[in-house]
Amino acid sequence: MVVTADSLERYASRGHLFVVADGMGAHAAGELASRIAAEQIPLYYLRQSSGDPATALREAVQQANRDIHQRGQQNPEFYNMGTTASVLAVLAEGAVIAHVGDSRVYRLRDQRLEQLTFDHSLVWEMQASGQVKADSELSKAIPKNVITRSLGPSPNVLVDVEGPFSLKKGDRFLLCSDGLTGQVEDSELGPLLTSLPPDLAARMLVDLANLRGGADNITVVVVDVLVDSEPVGKRRMAKPVNEALPWPLLASVAICLLAASLLGVSGNIGPMIVALVLGTIAGGAAAVQYHRRVTEPARNVTHGGGAAVRRSGPYRTYPARPNVELLSRLDQVISALKTAAQERQWMIDWKHVDALVASDQQFRGQGRLAEATCVQAQAIVETMKQLRNQQRSGGENARE
Ligand code: CA
């Protein structure tokens, strides 16, 4: 779900919003849960037109969770339905993310791919707690699809809020469901995102995951950043006033003033002056503390629920340079497609595809690996398009 701001005012207060929600449970139930999340999170978020976007985002996800939970309780068919939710708000001051589950948000910058979200999956939680090592046999044996947190099963949910992350012209965000990341490795995602324009990138990632047998729904959103965010520190997010007020210091000010007026009435001028001076000092300290709290960067916003250990993204980073290894993997994809087409007598017009493959070889000869990756992706996407046209009746299981 993509909700771009329709005015400058809206952009200034709430930014552009991108949501990926991947349902789980019985087919219809999972679909309903993810639909409620995708529709309600933007509504709840935009309904709060003022105040800190990070807080609004967290509350919107929590509210959607309550809605899904309630619907799940009302109807046995939907009992215990659930969904992931990864929400990206692109604001003038940076990107803020609210996240539950194992869908992911990545940022590509300067040929590095960063995963900004923490997977709420058994394998990530066990690795984070130190119970298993990332590359151990035990870690590989843990089923990848067991998730530890989702919207729906319980009336309350702990929401990770990440950011704000700075924005640089040329940055690219990827939001996706595990239907993609289960089939396409991080080492492939980076070079593909570096090399391809946004629409081709989204199409190619879905096609590649489908080709590798992803039976799962695949959701992919690619967001390109066209302007830098405002410098860090220039624009900070406001805290609610009563959270920011230094209550103990204000109480001291009140006590000193009360004491001073009582002492003044009873004629104790010396002690009255002392009380007044103390009150003034406490007042000054209160003002300084209030200012500091109000202008504190929103990065210090803590997790809801209070029990979770504060972690903050990016959690993993990968090189994202175009490389020969990926190119040869894509070669194999194309030749597998050709073999399958021959065996199953698909009617594919190879002329266009072969021309693309030929220019791929040329680019590779010149060391232009990004261009080579791009035409290879075009060759694969073109073949898949022709295949889909032929197999319309077979059903299309990719959605973007
Ligand atoms: Ca999934």
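## Basis of the description

The structure is a predicted model, in which local features need pLDDT of at least 70 and side-chain atom pairs count only at pLDDT 80 or more, whereas totals for chains, interfaces and linings use all residues. Residues are numbered from 1 along each chain as its sequence is written, and side-chain values use heavy atoms, with hydrogens and water left out.

## Aromatic residues

A search of the whole structure gives two aromatic pairs, where rings of Phe, Tyr and Trp (its six-membered ring) pair if their centres lie within 6.5 Å, and planes under 30 degrees apart count as stacked, over 60 as edge-to-face and the rest as tilted. The ring centres of Phe-118 and Trp-124 are 5.3 Å apart and the planes stand at 90 degrees, so this pair is edge-to-face. The pair of Phe-118 and Tyr-315 is also edge-to-face, with 5.4 Å from centre to centre and 75 degrees between the planes. This second pair links distant parts of the chain, 197 residues apart, since Phe-118 is in the loop between strand 8 (112-115) and helix 4 (122-128), and Tyr-315 is in the loop between helix 11 (269-294) and strand 12 (316-319). Helices (H or I, at least four residues) and strands (E, at least two) are DSSP runs numbered from the N terminus.

Phe-118, Trp-124 and Tyr-315 form one aromatic cluster. Phe-118 counts as buried because its relative accessibility is 5%, while Tyr-315, at 21%, counts as partly exposed; buried means under 20% relative accessible area, exposed over 50% and partly exposed in between (1.4 Å probe, protein chains only). Arg-316 lies over the face of Trp-124, at 3.7 Å from the ring centre, and Lys-338 lies over the face of Trp-350, at 5.1 Å from the ring centre. A charge sits over a ring if NZ of Lys or CZ of Arg is within 6 Å of the ring centre and within 35 degrees of the ring normal.

## Strands 6 and 9

Strand 9 (residues 160-165) is mostly covered, with five of its six residues buried. Strand 6 (residues 94-100) pairs with strand 9 in the antiparallel sense over four bridges, pairing being assigned if DSSP finds at least two bridges between two strands. Within this arrangement, Ile-97 stands opposite Glu-162 of strand 9.

## Two individual residues

Phe-18 lies in strand 2 (residues 16-20) and counts as buried, at 8% relative accessibility. Although Phe-18 and Val-221 are 203 residues apart in sequence, their C-alpha atoms are 7.9 Å apart in space. Leaving aside neighbours within four places in sequence, Phe-18 is in contact (heavy atoms within 4.5 Å) with residues including Met-1, Ser-86, Leu-175 and Val-221.

Val-146 is found in the loop between helix 5 (137-141) and strand 9, and is partly exposed, with a relative accessible area of 33%. Val-146 is in contact with Ser-121 and Leu-122, again leaving aside neighbours within four places in sequence, and its C-alpha is 9.2 Å from that of Asp-102, 44 residues away in sequence.
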